[in-house]
Structures are given as C-alpha cells and as structure tokens.
Amino acid sequence: ASRSAGPAHRMEASCLELALEGERLCKAGDCRAGVSFFEAAVQVGTEDLRTLSAIYSQLGNAYFYLHEYAKALEYHHHDLTLARTIGDLLGEAKASGNLGNTLKVLGNFEEAIVCCQRHLDISRELNDKVGEARALYNLGNVYHSKGKNVANAGTHDPGELPDDVKNALQKAAKYYEENLSIVTELGDRAAQGRAFGNLGNTHYLLGNFRSAVLAHEQRLLIAKEFGDRSAERRAYSNLGNAYIFLGEFETAAEYYRRTLQLARQLKDRAVEAQACYSLGNTYTLLQDYEKAIDYHLKHLVIAQELHDKIGEGRACWSLGNAYTALGNHDQAIHFAGRHLEISREVGDRSGELTARLNLSDLQMVLGLSYSTNNSMMAESHAVENSFNGGRPRGRRHSMENMELMKLTPEKVPNWN
Amino acid sequence: NEIKGGSMHLIQVDSVQRWMEDLKLMTDCECMCILQSKPISIEKEEQNELILSSQYSTCDN
C-alpha cells in the first residue's frame, strides 16, 4: 500500500498479505502455521467477499488436513453460505463438494450425499466436466464408506450382506462407473486408476470377485504406467484377496508374494506383516504347512516389533494349528499356550476359549494326564455358556467325538 | 491318527476361517477424499485439486 492510502486500504492489504502467507505455508506443507495466518486474516477482515470465500475454503481444507474435522466443517459451511450470498455458482459447487467430504469423514452420510449431489448438479449445469467427474467420484466414495461402515458394524450373519449395505455399494459402483466414463473421455489416466481401484474394492465387498479382479488388473496397469509403487502394492493385495474367494489359492499366493516384496521395498512394516499373515493362511489352504509356518513366524516377529498384541495372538493361534497339522505337538502346545496368555491379556474371550480347547485336545492326543484337566474343562463350559459367538460350537462336536473315540473298546484295551 | 485326521483338521481350518471372515471386509482403498481449493494468489489457474490419501487399510480417514 502507498503512503497516501487510507487506513482501510492498509487493512485490505494486510488481510490479503496474511492470507497469501497462509496459502504459501499450506502449499509448503506447514498447515499448522498456515492456519494461524488465515485466522489472522479473517480477524482483520476484508470487503472482498471472493477473497474471504477463498480464505474460508482454504482454512477448511487446512483443518481437514490436520484431522480437525469439526473446524473444517465450520469453515466449509461459511464458504458455502458466502458463495451462495454472492451468487458464485462455481464457488458453491466447490464448497458443497468440500463440505460433503467433511461430513462423510464425520460419518454423516445422508447430509454428505446431499452436498455431493449439489456439487454434481451445479457442475452439470455449468457444463463443467472436470467438476462433474470429481463430484461423481466423491459420491461413489460416500456410498462406499456408508456401505462399509454398516457392514463393519457386523450386526448381520457373516457372509450375508444386509440390503442397505448392498444398496449403498451398488450405488457406489454406479457412480464410479459414471466417473470412469468421463475421466476416460478426458484422458485423465491418474483419475482412471483411482476409479478402477475403488470400483474393484466395491465389487469385492459385494462379492463380485471376478469383476473385482478385472478392475484391479486395470488399476495395476495404470499404477505401473505411473511408476506408482504404493498403488501397485495396493492392487497386488486386493488381487490376492479376490483370488482367495475365487478359490484360486496359487494365484493368490503369487499376488501376496508381490505384495510382500513391494511392502519391503516401501519399508511398510504393517503391510509386510499383513502380507506374511495372508501368505501363512494361503499356504495352509494349500496344505503346505512348512511354508505356512515360515510366514506365520515372520508375521509374529513383526507383530511383536509393532506391539500388535492382537496380531501376535493370531500368529500364535495359526502357528499352533500349523504345528499340530505337522504333528509337532511340542511346538503346537507352546504356541497354543502363548495364544491363551495373549487372549487373556487382551480380554479376547473367544480366543481364550479356542486356545483352551486346542490345549486340551493336544494334551489328550499326547495322552497327558493333565492335573487341572477337569477343572479346566469345567471352566471351558462356563466360558462357552457366556460366549455368544457361533465358532466354538462346531469345535465342541469334535471334542465330544474325541471323548467317544477315546471310549471305544479298540482304543482302550482294558475296557470292561 | 484317526484323531489327527478328524478334529485336528478342524482346528487348523478354524484360524484360517477367522482370517477369511476378516478378509471379506478388507480392502486397500484409493484416496477417498478429493478436496478442491480456491486459490487466493492471482496466478494462472493451477491444478486446484487437493488430493488427500487415506491411510492404508482403512477407507475413511
């Protein structure tokens, strides 16, 4: 501002200056500092409502980036109100999309849908193809999250998708496909990659495993085109999972091995652990127990390193079972015992029950007279009666069968 | 041996089955949030798309 400028002009300049500094800081990745400058700019105020709208929008995005979603909601809402006030239709579309994303993260799916739909309607009205594609992708994401959220709540039988989950996921697939046709037309390969990935995941959740494979193969191609190794890694693990449910375990193992290789290159220990666990289970399905043990041990080491108790418990359970399958009962008992300890530690009642049953099975096989056997079995019954999951019930039958087998005359020579 | 073939086989499928149940809902998603920005600096209309990747193994962060 020049010397002759009045105080108001100096204020104008300072609001803009503060906002520009906020923008620069956010671009440089320092959102925390950026937010301070934007907040200061808002305090100073400006007559220029377009600039103010941009400040609100960037504040909302910065808070979103900082995972402060309530604040993000507040500012995106201010932006939307202001854009409507000044009749800025494109600004209203953007604000609606940003607000929709924020509402989705907060789990408010219904309002998120309304906002994303508004983004879509305006984009179509303005014949803005890029905006339309983004709105479709966002809508797909809201429905995908909504479906997954209800499915995760797990109030249904395993393997049975409730209708509302199915409907949400089918809508998600529809929006991803519409997005895909526009971004293909626009020649936006990166956006195509994203759409294929999420479309593949949606088909997977719906149980359409063949369609999931087709989409993830496309995702993989585009990831390789861009040299995007994280995306490539994601495609491998998604493909591995889909092939498991197609019953093609060899193919699944191949994709999990590639997942593991890339996870190591990307130095992502958690993903590496997950890949080892998947490989251990896949080799169990292939009845190659030596390989299964090898991978479960690798998983165990990383789970311990990451202080992941649940993962550690899973690893011990799996190892106990694999050693049992090989007839290595000493190791089987060792890991079943660890499984029991860890299940107690994390308060996993069904894990505890499973481990107890496994231990008593193993002890019977070894013909050990287990001193606390009777009291332990009595306790198992008590645990089971208080346990509402269905899993151990199948195991009880096998236990009862074992009791019967033990009592058959051939097995007990001194039978009278 | 009879025992090993029967109940023992059931046991080791047990943990795999549990894994498969979890696997049914396990997806590695693409970024789930694409925010759009309104530039303040009057430069050329740059790429006004801000992509926020979601963390792996969840879709909604």
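Mentor: In this predicted model, helix α15(A) passes α16(A) in a left-handed crossing (the near helix is turned anticlockwise from the far one by less than a right angle). Helix α15 covers residues 309-326 of chain A and helix α16 residues 329-346, and the two pack at about 155° with their axes 8 Å apart; helices here are DSSP runs of H or I, at least four residues, and axes are lines fitted to C-alpha atoms over the stretch in contact, with angles from 0 to 180 degrees between N-to-C directions. The pair is therefore roughly antiparallel (over 145 degrees). Where they meet, with contact taken as heavy atoms within 4.5 Å, α15(A) contributes residues including A:C316, A:W317, A:G320 and A:Y323, while α16(A) contributes, among others, A:F335, A:H339 and A:I342. The residues of this contact divide into eight nonpolar, six polar and four charged, where Asp, Glu, Lys and Arg count as charged, Ala, Val, Leu, Ile, Met, Phe, Trp, Tyr, Cys and Pro as nonpolar, and the others, Gly among them, as polar.

Residues are numbered from 1 along each chain as its sequence is written, with chains lettered from A and ligands numbered from 1 in the order in which they are written. Local features need pLDDT of at least 70 and side-chain atom pairs count only at pLDDT 80 or more, whereas totals for chains, interfaces and linings use all residues, and side-chain values use heavy atoms, leaving out hydrogens and water.

Definitions and conventions. Angles under 35 degrees count as roughly parallel, over 145 as roughly antiparallel, 65 to 115 as roughly perpendicular and the rest as oblique.
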